[in-house]
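Reader: Could you walk me through this one? I would like the fold before the details.

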Amino acid sequence: MQSPLKDSLISQYQYNELTADTIIYQLQSNINNLNDLNTEQGKKITKLRWNVLKGLVGGIVTGIGTTVLVIIL
């Protein structure tokens, strides 16, 4: 009588182990996807920051150039 119980417990253990491995794999895959998304978003944010900085520098240079022209004229 103990053999069917033992076989059942072994079978349940193997199922649980397989389920745990599947969950771990899915979590690792989700972490990798999030890392990729964060990298992509970081690149976009960096590009936006550079665009803002270029705009500010361009505005300052234009302002200085206009001021110099007004002084000269």
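**Fold and surface**

Author: The protein chain has 1 helix and 0 strands, where helices (H or I, at least four residues) and strands (E, at least two) are DSSP runs numbered from the N terminus. Its radius of gyration, taken over C-alpha atoms, is 31 Å, well over the 11 Å that the globule rule (2.2 Å times the number of residues to the power 0.38) gives for 73 residues, so the chain is more spread out than a compact globule. This is a predicted model, in which local features need pLDDT of at least 70 and side-chain atom pairs count only at pLDDT 80 or more, while totals for chains, interfaces and linings use all residues. Residues are numbered from 1 along each chain as its sequence is written, and side-chain values use heavy atoms, with hydrogens and water left out.

Reader: What does the C-alpha trace span along its principal axes?

Author: The C-alpha trace of the protein chain spans about 110 × 10 × 5 Å.

Reader: And how many of the 73 residues count as buried?

Author: Of the 73 residues, 0% count as buried, which means under 20% relative accessible area, with exposed being over 50% and partly exposed in between (1.4 Å probe, protein chains only).

Reader: Okay, where is asparagine 32 found, and why does it count as partly exposed?

Author: Asparagine 32 is found in helix H1, which covers residues 2-72, and it counts as partly exposed because its relative accessibility is 45%. Asparagine 32 and tryptophan 50 are 18 residues apart in sequence and 27 Å apart in space, C-alpha to C-alpha.

Reader: What about valine 68?

Author: Valine 68 is also found in helix H1, and at 42% relative accessibility it counts as partly exposed.
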